[in-house]
Amino acid sequence: MAYNLKEIIATKPSRFTAGHRMCAGCGAPVVGRTVLRALKNNDHAVVSCATGCMEVSTFIYPYTSWTDSFVHTAFECAAANCAGAEAAYKSLKKQGKLPEDQHTKFIAFGGDGGTYDIGLQSLSGAMERGHDMVYVCYDNGAYMNTGIQRSSATPKFADTTTSPAGKVIPGKMQSRKDLTQIMAGHHLPYVAQSIAVNNFKDLYEKSEKAIYTEGPAFLNVLAPCPRGWGYPTDMLMEINKLAIETCYWPLYEIVDGKYHITYKPANKKPIEEFLKPQRRFKHMFQPGNEWMIEEFQNEVDRRWQELLDLEEITNRSSEEG
Amino acid sequence: MGIRERLSGNEAAAIAMKQINPDVVAAFPITPSTEIPQYFSTFVSNGQVDTEFVAVESEHSAMTACIGAEAAGARAMTATSANGLSLMWEQIYIASSLRLPIVMSLVNRAVSGPLNIHNDHSDAMGVRDSGWIMLFSENNQEAYDNLLMAHRIAEHKDVLLPLMVCQDGFITSHSIENIELLEDDKAKAFVGSYKPEHYLLNKDEPIAIGPLDLQAFLFEHKYQQAEAMRNAKKVIAEVSKEFEELTGRKYSFFEEYKLDDAEIAIVCMNSTAGTTKYVVDQLRKNGIKAGLLKVRMFRPFPTEEIAKALSNLKAVAVLDKADSLNGAGGALFEDITSAMFVNKVQIPVVDYVYGIGGRDTTSNDIESVYNDLIEIVKNGGTNDFYRYLGVRK
């Protein structure tokens with residue numbers, strides 16, 4: 001059946017309620033809501049969440065925004081926590097201690113700090129062990145909850161509170177880690193990179209695949225942060241669109257090792273268009289700093305080409321065969 | 001009549017776990033507790049248990065997975081030692097705050113640094129304020145028995161707290177001793193099945209666990225934890241009594257060995273109690289009225305009962321297998337002395353930090369402590385109450 005957002009909204013009530021305290025213009029709640037909407041109506045979910053914006057804004061005692069079962073313990077361990085619940089499900093199911101018709105799905109959410117950095121070990125372990133779960137990283141490119149500190153997901157040159165653009169050092173001096181590729185190296189049945197754009201088709205469909213693929217799956221979703229990135233709150237969807245039109249954030253999936261780029265812009269836009277509306281890159285547009293934009297563009301181009309190559313290489317044998 | 005066997009402390013713990021047949025075990029190898037998940041994964045591989053064994057990538061994940069599993073509605077267990085417990089530390093506090101009755105086998109070992117794999121109690125003392133029930137075991141039999149009682153205590157509706165069963169690394173974990181096991185069916189019947197009231201996998205009642213808990217509620221939640229710990233005392237007494245009826249093996253908050261008419265006594269935990277009993281017997285032959293108080297239930301701490309049990313002595317020595325490095329004495333010493341003070345028991349007490357990093361503690365060492373006590377009684381007290389036993393200064 002063709003994707004139809006109106007129909008989905010009409011037939012699948014949101015599992016992530018309004019009234020949470022995420023900021024206006026934040027990308028993360030859109031991610032949470034869309035991912036959960038991909039669940040079949042009769043399926044139940046256990047959601048595990050890392051400490052971070054999403055957790056502290058959605059479950060402040062005694063209120064919760066989550067209509068499914070939800071668990072949070074600490075910053076670095078949403079994956080292990082989810083894995084434990086999944087192991088319990090497997091065990092109780094096997095022993096006949098749960099209703100036969102019960103279908104519970106396991107979904108973990110973490111920001112880039114809780115996923116690329118402090119939670120990387122927990123994530124890697126859970127994925128390697130093959131738990132039937134989905135880990136969703138909502139990547140906003142810094143430790144936003146504690147006040148915009150740089151993470152390994154922060155793009156080069158970004159101005160953050162621990163990589164401030166100063167007189168001598170112009171922002172973060174290291175490139176962004178490519179977590180999706182690290183997860184690809186785990187040879188999981190499903191790995192994808194997505195974003196909430198247009199009618200959310202890309203994110204919805206990838207979430208559905210991730211949730212209903214047996215075994216471990218990983219979704220890396222760009223989730224802009226108006227406070228950390230410095231864009232007007234009503235510009236969220238435009239920023240998302242620019243991220244994919246410039247190929248800063250390519251949309252692709254890896255199914256059983258085969259790469260498939262799910263969106264290839266007909267005319268790749270220059271990276272300035274993505275950088276310009278964001279306060280964190282403001283210093284890059286000062287006279288004399290043209291080299292920074294050039295370097296940034298080169299990095300984007302290099303990574304995009306690498307992805308095109310991977311797509312070609314991993315699909316070559318099947319095309320020949 | 002139970003089954004007579006010869007097992008190491010680790011084997012005894014693994015056999016107890018097999019009989020408990022938990023739904024999930026998540027564990028990571030660390031000396032000297034490694035053998036427990038090792039033996040247990042064999043039971044899993046051979047289909048002797050229904051358990052889902054999660055071979056995690058760290059102890060932090062071991063405790064986190066146990067939290068996830070227990071919150072989901074499963075019985076979850078783990079085993080660790082020393083630095084493994086240190087790495088779990090963050091989650092140890094969270095497990096108790098979420099009121100999840102996880103059971104852990106803690107095989108006591110010195111916490112780094114520098115690195116040392118041998119026995120002392122620095123790992124357990126590091127989590128003494130974490131809200132876990134802590135039971136100590138003199139030998140393999142007690143480690144086994146305490147584990148069989150563990151779920152009955154931890155899962156009691158008035159308690160709902162995680163529980164750790166401690167035993168001494170290598171000294172008992174790797175020593176083979178005689179043991180009496182319960183038959184599988186009797187053990188299973190005693191432990192019973194786990195029926196949580198609220199759990200993640202109840203799809204008809206989805207719940208949220210682990211909130212952001214701010215000024216308006218955290219204090220009340222902590223008070224409830226404290227209340228649960230106080231309730232645990234009564235439950236531990238009841239479960240121990242029931243266990244005694246089943247096995248004939250009597251367990252109290254602490255064991256009093258020839259303490260009734262004693263004039264001097266040692267207070268200690270775990271395997272050192274065995275050595276001390278031998279010394280007490282030798283001293284008694286020479287007419288010295290020596291006794292021993294072996295603490296089994298360290299958390300909750302039986303303040304009043306201990307003070308009462310020590311009240312007729314003329315001098316007491318507390319043996320601490322971990323130094324608090326506070327310039328004032330070990331943790332057990334502080335608990336014992338404050339218990340005595342608030343209960344108005346005023347007799348000389350002296351602390352001995354001993355056995356650190358697996359330093360052997362011989363019967364001669366223990367005898368020297370009793371000799372010091374005789375001296376203290378003779379002199380009417382001492383100001384030198386923070387001492388070391390067997391260290392080269």
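**Before you start.** The model is predicted: local features need pLDDT of at least 70, side-chain atom pairs count only at pLDDT 80 or more, and totals for chains, interfaces and linings use all residues. Residues are numbered from 1 along each chain as its sequence is written, while chains are lettered from A and ligands numbered from 1 in the order in which they are written.

Stop 1: Select chain B. Its secondary structure comes to 12 helices and 16 strands. Helices (H or I, at least four residues) and strands (E, at least two) are DSSP runs, numbered from the N terminus. The C-alpha trace spans about 70 × 55 × 45 Å along its principal axes. The radius of gyration is 21 Å, close to the 21 Å of the globule rule for 393 residues, so chain B is as compact as a globular protein of that length. That radius is taken over C-alpha atoms, and the rule is 2.2 Å times the number of residues to the power 0.38. Of the 393 residues, 56% count as buried (20 or more other C-beta atoms within 10 Å of the residue's own, with C-beta atoms placed from the backbone).

**Stop 2: the sheet.** Select E10, E12, E11, E14, E15 and E16 of chain B. These six strands form an open sheet in that order, with mixed pairing. Strands pair if DSSP finds at least two bridges between them. The edges are E10 (254-257) and E16 (386-389) of chain B. Now zoom in on E15 (residues 349-354) of chain B. E15(B) and E16(B) pair in the parallel sense over four bridges. Find Tyr352(B): its bridge partner in E16(B) is Arg387(B).

Stop 3: Touching rests on contacts: C-beta atoms, placed from the backbone, lie within 7 Å.

**Stop 4: where the chains meet.** Show chain A too. The contact takes 39 residues from chain B and 41 residues from chain A. On the chain B side, H3(B) gives the most, with 10 residues. Look also at E2 (residues 69-72) of chain A. Two bridges join E2(A) to E9(B), and the two strands run parallel. Finish at Val71(A), which stands opposite Ile209(B) in E9(B).

Key. Contact = placed C-beta atoms within 7 Å. Buried ≥ 20, exposed ≤ 12 C-beta atoms within 10 Å, placed from the backbone.
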